[in-house]
Structure formats: structure tokens, C-alpha cells
Amino acid sequence: MLRTKRKVPSLVDLCVSLAVENVKYLGDVGETDLHLLDRILPHCTLDQLMHIEKSTVGRDLSSVTDKLWKTFYEKQFGERSTDVVIQRMRQKKVSFRWLQLYEAKLKDIAEAENKLAARIRQLYKKEDDRKQSRQVRLCSKVPPSSNKRSFCGGNGPGYNLSNGKSNLMKKAKMDFLKSREVQNIAAMKKNALQRNSSSSSMMKPPGSFPGKSSASTNPMKPLERRF
């Protein structure tokens, strides 16, 4: 039987595998050889690679990480945007690290978003001011007896100015009728009417009362009999 020989990993391979498994804990890579970093750093996420770039002091990792940042740029901003950047650098005969281009792109997007948010807030503010001014104009134009809904307050959304005025007038009228002055005036009128009716009954002639005889209506007849 043939036995398949299995290659025993070297110590370097074991170290690289261990570094890849714990890549999220990496920070300053120090003086690690570039060929080892070339095997380890491609396993980093965007945030992990950014952390390693910012943590490593006194060393340029662009020879290893530049192609990685180009990949991240293309994934996040699209292949078309990446081609536009490359074309512009060729036209202007300049070269930038893809990490710098990535950070510049993020800054441009953040500024554009802030301008857009400010513009939207301004539009909302103008709309609110327009609505408030329109409500003020409506309130100033609507007469008190109008049946339209009041926009200046009231007793709920269905509050009506004419109904409110009618209710207030009814209450004021009832309070006026119940006041002491009105009651005194009514009593005086009632007494005056009673006095007028009694005085008119006293001024009637004696013969006008029912049940009286004809002798009582002619007082001169007894005198005629005497003379």
C-alpha cells in the first residue's frame, strides 16, 4: 500500500495561520516582514485594516495595503467611480494612495450629506412658516359669526365660533334675567298693574254693580214723596 505523504507545516506557516485566526486583535505590526503581511492582511475587514494602518507608527504599509484599499474602494463606491479616479490621476499625472482616496471620498460624501440635510431642514422650515402665516391670515379673515372651523383655538377640532357666541349670549341672557334688578323691575310692574285694576273697579258708577234694585239707582224719589 502506498502511503500519501502529508507535508508538515513549517513554523512560519503555523505563525501565519495563527495570525490570520487572530487578525482582529492585530494592531501595530512593527517590523513584520512584508511577505508575511502580504499573506495576513488580505484576511482583514475594512475596519481591521484601517485599525492596523492607524496603529502602525513609523512604517508605510502601502506596498501591501494599497491594492487592498483599491478593492475596498471599488466594493463600496462602485467600479465606475474607481475607473473615474484612475482616469483623472492619469490625466493630471498624479498618484495617490488608495487609502487617501478612500478617506477623501468619505469626506466628500459626508459633506454632501450635511448640505442635503441642511437643505431639507430649510425647506421644512419654510413650509412650516408658510403654513403658520396662512393660518394667521385665515384667522384674521374669518368673521366671528362664521360657521367655518376655527384655526385659532377653540373647544376642539369641531369648535364653531357662531355656536360659541350663541352659547355665551344665552348664558348672559339667563344671568341677566335672574339678576336682582330685573326681578325688582318685574315686581314693580306687577304691583302697578294690580293697583291700576283695583282703581278702575272703584271708579265704576253704583248702578253698574249687578244685583242692585231700581230704587237704589234713583235717590230722588223718597224726597219727592216727602214734599
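User: Is Asp-13 buried, partly exposed or exposed?
Analyst: The model is a predicted one, and in it Asp-13 has a relative accessible area of 26%. Buried would require under 20% and exposed over 50%, so a value of 26% places Asp-13 in the class partly exposed.

User: Which residue forms a salt bridge with Asp-13?
Analyst: Side chains of opposite charge can pair when their charged atoms come close. For Asp-13, the closest N and O atoms of the pair are 3.1 Å apart, and a salt bridge is counted within 4 Å. The partner counts as partly exposed at 39% relative accessibility, and the residue in question is Arg-39.

User: How many residues apart in sequence are the parts that the pair Asp-13 and Arg-39 ties together?
Analyst: Asp-13 belongs to helix 1, which covers residues 11–21, whereas Arg-39 belongs to helix 2, which covers residues 34–40.

User: In which helix do Asp-129 and Lys-125 lie?
Analyst: Asp-129 forms a salt bridge with Lys-125, with the closest N and O atoms 3.3 Å apart. Asp-129 is partly exposed at 36%, while Lys-125, at 53% relative accessibility, counts as exposed. The two are four residues apart and thus separated by about one helical turn, and the helix that holds them is helix 6.

User: What is the distance between the closest N and O atoms of Glu-127 and Arg-130?
Analyst: Glu-127 and Arg-130 both lie in helix 6, three residues apart, which is about one turn of the helix. Glu-127 is partly exposed with a relative accessible area of 30%, and Arg-130 is likewise partly exposed, at 44%. The pair forms a salt bridge, and its closest N and O atoms are separated by 2.6 Å.

User: How many disulfides does a search of the whole structure find?
Analyst: A disulfide is a covalent bond between the sulfur atoms of two cysteines. Among the cysteines, Cys-15 is partly exposed with a relative accessible area of 46%, whereas Cys-44 counts as buried at 7%. The search covers the whole structure, and the number of disulfides that it finds is zero.

User: Which helix supplies the largest share of the lining of the largest pocket?
Analyst: The largest pocket has a volume of about 300 Å³, and of its 13 lining residues the closest to the centre are Tyr-73, Val-84, Val-85, Arg-88 and Leu-101. Helix 5 (79–92) and helix 6 (98–141) each supply at least two residues of this lining. The largest share is six residues, and these come from helix 5.

User: How many charged residues does the lining of the largest pocket have?
Analyst: Arg-88 is among the lining residues closest to the pocket centre, and Arg is counted as charged. Sorted by class, the lining has eight nonpolar residues and one polar residue, and the number of charged residues is four.

Conventions
Residues are numbered from 1 along each chain as its sequence is written. This is a predicted model: local features need pLDDT of at least 70, side-chain atom pairs count only at pLDDT 80 or more; totals for chains, interfaces and linings use all residues. Side-chain values use heavy atoms; hydrogens and water are left out. On a 1 Å grid over the protein atoms alone, a cavity is a set of points where a 1.4 Å probe fits but cannot get out, and a pocket is an open set with protein on both sides within 12 Å along at least five of seven lines; lining residues have an atom within 4 Å of a point. Grid points are joined across faces, edges and corners, and a volume is the space filled by probe spheres set on the points. A salt bridge is a side-chain nitrogen of Lys or Arg within 4 Å of a carboxyl oxygen of Asp or Glu. Buried means under 20% relative accessible area, exposed over 50%, partly exposed in between (1.4 Å probe, protein chains only). A disulfide is a pair of cysteine sulfur atoms within 2.5 Å.
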